[in-house]
Amino acid sequence: MDERSYKLGSNRSAIRELFEFSKKRKAIVGEENVFDFSLGNPSVAPNPAVNATLIDLLQNEDPCLVHGYTSAQGDAETREAIALDLNKRFGTNYKGNEIYMTCGAAASLVITLKAINDGPDDEVLAIAPFFPEYKLFVESSGAKFKVVPADLESFEINFNALEECVNQNTKAIIVDSPNNPTGVVYSEESLKKLASFLEKKQKEYGHPIYIVCDEPYREIVYDGKAVPHIPSLYDNTIICYSYSKSLSLPGERIGYILVPPKCHESEKLYLAVCGAGRIFGYVCAPSIFQKMVAKCTGLTGDISEYARNRDALYNGLTEIGYECVYPAGAFYLFVKALEDAPAFSERAKQYDLIVVPSDGFGVKGYVRLAYCTKYETIVNSMPRFKALFDSYK
Ligand code: PLP
C-alpha cells in the first residue's frame with residue numbers, strides 16, 4: 001500500500017475537521033446557533049442562466065451528445081467561446097486550441113504542474129499565505145514545494161524573500177490573486193515587478209520559469225478593483241481557471257487551463273498538458289457543463305452579496321478591535337489571532353465560532369474566515385466575536 005496516500009486519506013485537512021465539528025454542533029445546538037466560517041463553498045446562487053441552459057440542453061439536445069465523451073481537450077465550441085470571452089475582456093488574441101477543459105482548479109493545477117515538472121530537483125514556489133493543497137499538488141508532480149515567506153505588512157509578494165528562494169532549479173511560481181486566504185488582489189505594480197524579476201532569472205538560468213496563475217476568484221472583486229491579466233505582463237504564464245466560485249459550481253467540477261501562445265514552446269507545452277490529463281485519467285471534463293459554459297462565458301452570480309458580507313464582517317470585527325487584512329476580492333477575511341492561531345481557533349469553538357487557523361496556509365498567528373455565508377450568520381455572530389475578544393482582556 002502507498003503509505004503517503006494512506007496518510008493523506010486518514011488525516012483530514014484542518015478545514016474539513018472544523019467543518020465536521022460544525023455539523024455535529026449544529027445537530028446539538030441548532031443550525032442558527034453555530035457560526036461556521038470554515039469552508040469556501042459559495043453562498044451566492046449560480047447565475048439563473050446556468051440552470052436555464054442546463055435544462056435547455058437536457059430537453060432539446062441529443063442526450064448521447066449531452067452526456068457523451070467530448071474530445072479529451074474539451075468541446076471545440078466551448079473552447080472557442082472561452083477564448084472569445086477572454087479576448088473581449090483582456091484585449092488578447094487567444095484561440096480555442098490554447099485551452100484545455102478540466103475538472104476545476106485543482107485538476108487544472110495538478111495537470112499543469114505535471115506538464116511542466118520533469119525531475120526530482122525541480123522546485124515550485126508558493127507565496128505565503130497559500131491554498132494548502134498546493135503542497136500536495138506540487139509534490140505529486142515529483143517536484144519540491146518551496147514557500148516564499150509572507151509579507152506580513154501588505155500580504156502582497158515579499159520580494160526580498162523571493163530573491164532567496166529562486167535558484168537554478170526553480171520551475172514555476174504559483175500566483176493566487178484574489179488570494180485565498182487573505183482576499184488581497186496583487187497590484188499591477190507588484191506583478192510587473194515579479195515579471196521583470198523572473199525575466200532576469202530566466203536569462204540567468206537559461207530556462208523558463210513559469211507563473212502558474214491560479215485564479216478561481218478572478219471575477220470576485222469589490223470596489224471596482226481590476227485583476228491584472230498576468231499573461232499580458234509575463235509571457236511564460238499559464239492560467240488555471242475554475243467555474244467553482246465565479247459560477248458557484250464547486251460540486252460540478254468544471255474549469256480550464258490556458259496555455260497562451262507566448263509561452264516558451266507553447267504548442268509542445270499544450271500537448272504536455274493533454275498528456276498529463278491522460279496520466280491522471282481525467283478522460284474529459286464533464287460534458288454537459290462544458291456545453292453550458294459555451295453559452296454562459298463571462299457570467300457570474302450576484303457578487304454584490306459577497307460585497308455586503310465582506311463589509312458587515314470587516315466593519316463589525318474591526319469595530320470590536322480585531323485586526324483584519326482588508327480584502328479586495330475572493331470571500332475570505334484574514335484576522336489576527338489573539339494568541340497562537342490553533343489555540344485561538346479552539347477557544348472560538350467554545351463560542352460556536354468556526355474559524356480556520358492560518359498555520360496550514362503557511363503563516364502563523366491568523367485565522368481565516370470564509371464569509372460565503374448567509375448575511376444573518378455574520379450579523380448574528382458579532383456578539384459572539386465580541387465575547388471572544390473580551391475573554392482575552
Ligand atoms: N485554488 C484555490 C486558491 C482555491 O481556493 C480552491 C478552492 O477553494 C481551489 C484552487 C480548488 O478549486 P476547485 O474547486 O475549482 O478545484
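Contact is taken here as heavy atoms within 4.5 Å. The structure is a predicted model, in which local features need pLDDT of at least 70 and side-chain atom pairs count only at pLDDT 80 or more, while totals for chains, interfaces and linings use all residues. Residues are numbered from 1 along each chain as its sequence is written, and side-chain values use heavy atoms, with hydrogens and water left out.

Helices (H or I, at least four residues) and strands (E, at least two) are DSSP runs, numbered from the N terminus. S190 lies in helix 9 (residues 188-205). With neighbours within four places in sequence set aside, S190 is in contact with E156, I157 and F159. The side chains of S190 and E156 make a polar contact at 2.3 Å; the term denotes a pair of N or O atoms within 3.5 Å, where within protein one must be able to donate a hydrogen and the other to accept it, and residues adjacent in sequence count only if both atoms are side-chain atoms. The relative accessible area of S190 is 10%, so S190 is buried (under 20% relative accessible area, with exposed over 50% and partly exposed in between, for a 1.4 Å probe and protein chains only).

Strand 3 (residues 123-127) is mostly covered, five of its five residues being buried. E123, L125 and I127 lie on one side, and V124 and A126 on the other. Strands pair if DSSP finds at least two bridges between them. Strand 3 pairs with strand 4 (residues 144-148) in the parallel sense over five bridges, and four bridges join strand 3 to strand 5 (residues 170-175), also parallel. V124 has F145 as its bridge partner in strand 4 and stands opposite A172 in strand 5.

Strand 3, helix 7 (residues 133-140) and strand 4 form a right-handed β-α-β unit; right-handed means that, with the strands pointing away from the viewer, the path from the first strand over the helix to the second runs clockwise. The buried residues of helix 7 are Y134, F137 and V138. These residues are on the same side of helix 7 because they cover an arc of only 95 degrees around the axis, the arc being that of the directions from the helix axis to the C-beta atoms. Their cover includes helix 6 (104-116), strand 3, strand 4, strand 5 and strand 6 (210-214). V138 counts as buried because its relative accessibility is 0%. Leaving aside neighbours within four places in sequence, V138 is in contact with L113, V124, A143, K144, F145 and I174. Helix 7 is followed by G142, whose phi is positive, near 95 degrees.

Strand 7 (residues 237-242) is also mostly covered, with six of its six residues buried. T237, I239 and Y241 point one way, and I238, C240 and S242 the other way. Strand 7 is joined to strand 6 by four parallel bridges and to strand 8 (residues 255-258) by four antiparallel bridges. I239 stands opposite C213 and has L258 as its bridge partner in strand 8.

A nonpolar core is a set of buried Ala, Val, Leu, Ile, Met, Phe, Trp, Tyr and Cys residues joined through side-chain atoms within 4.5 Å. The largest such core has 84 residues, and those with the most contacts inside it are L162, L194, I211, Y256 and M292. Apart from this core lies another, of 36 residues, among them Y314, I320, A330 and L369.
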